[in-house]
Amino acid sequence: MVIKLALFLHIISAIFWIGGMLFLTLVVAPFLKTMPDPKDRSKVYQFVGKKYRRFGWAAIIILLVTGPIILYGIYGISPGMYFSSSTLSTGFGHALIIKLALVALIVISSFTHDFFFGPKARNSSKYNLIAKIFGRGNLLVALFIVIFAVMLRAGGL
Ligand code: HEM
């Protein structure tokens, strides 16, 4: 039961977090372009960004907690075995290591975007551009994480 709940929470958190990034990029950002006043645009983006940030980090924490539970519960791989030669000698292990590397990258990059460049973007077109690049980069990395999650499901690379 715990494993099923962990997998459910894992998948629903990934859906919310990555779905949110897609929505912001494909729906909110184009809508903001139709707003003539840059101050209004920034106000809307700061409000939506802050609201989404809170739920986004809740999703990230749930993913980081449920991931190891699923890995141990379904595949018997404990955290101490992630980088062991037995894990690394399999196609599954390769998919896992790449997924974990991408997860580490996106956690650092999301933190930088959400708590440094994002807030600084309020009154600066330079930081606005940097925040946009980080935002789009995070979306790309997140989509690759899902590709390697599916590889895990399919037995590895
Ligand atoms: C940013 C973080 C993460 C995202 C977006 C993410 C996304 C996903 C998604 C969408 C699935 C469902 C794929 C499927 O079952 O077909 C999945 C499954 C899985 N994830 Fe993650 N994940 C993340 C972090 C982690 C971490 C940190 C671990 C392990 C330490 C992990 C281990 C797993 C495992 C073992 C599965 C089950 C694969 C299977 O279905 O057999 N994930 N993940």
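Author: Start with Arg-153: a polar atom of its side chain lies 3.1 Å from a ligand oxygen. That's a polar contact (a pair of N or O atoms within 3.5 Å). This is a predicted model, where local features need pLDDT of at least 70 and side-chain atom pairs 80 or more, while totals for chains, interfaces and linings use all residues. Numbering runs from 1 along each chain as its sequence is written, and side-chain values use heavy atoms, with hydrogens and water left out.

Reader: How many residues are around the ligand, and which come nearest?

Author: There are 19 (a heavy atom within 4 Å counts). His-10, Trp-17, Tyr-75, Lys-99 and Arg-153 come nearest.

Reader: What classes make up that shell?

Author: It splits into 15 nonpolar, two polar and two charged residues. Note that Tyr and Trp count as nonpolar here, and Gly as polar.

Reader: Which helices build the shell?

Author: Helix 1 (2-33), helix 2 (38-75), helix 4 (91-120) and helix 5 (125-153) each give at least two residues. Helix 2 has the largest share, six residues. Helices are DSSP runs of H or I, at least four residues, numbered from the N terminus.

Reader: Which pocket holds the ligand?

Author: A pocket is an open set of points on a 1 Å grid where a 1.4 Å probe fits, with protein on both sides within 12 Å along at least five of seven lines; lining residues have an atom within 4 Å of a point. The ligand takes the space of the second largest pocket, whose volume is about 770 Å³. Among its 29 lining residues, His-10, Gly-67, Lys-99, Ala-149 and Leu-152 lie nearest the centre. Helix 2 supplies the largest share of that lining, nine residues. By class, the lining has 25 nonpolar, two polar and two charged residues.

Reader: What lines the largest pocket?

Author: The largest pocket, about 1100 Å³ in volume, is lined by 37 residues, with Leu-32, Tyr-45, Ala-121, Asn-128 and Ala-131 nearest its centre. Helix 2 again gives the most, 14 residues.

Definitions and conventions:
Polar contact = N/O pair within 3.5 Å; in protein donor to acceptor, adjacent residues only side chain to side chain. Sits in = over half its atoms within 2 Å of the grid points. Points joined across faces, edges and corners; volume = space filled by probe spheres on them.
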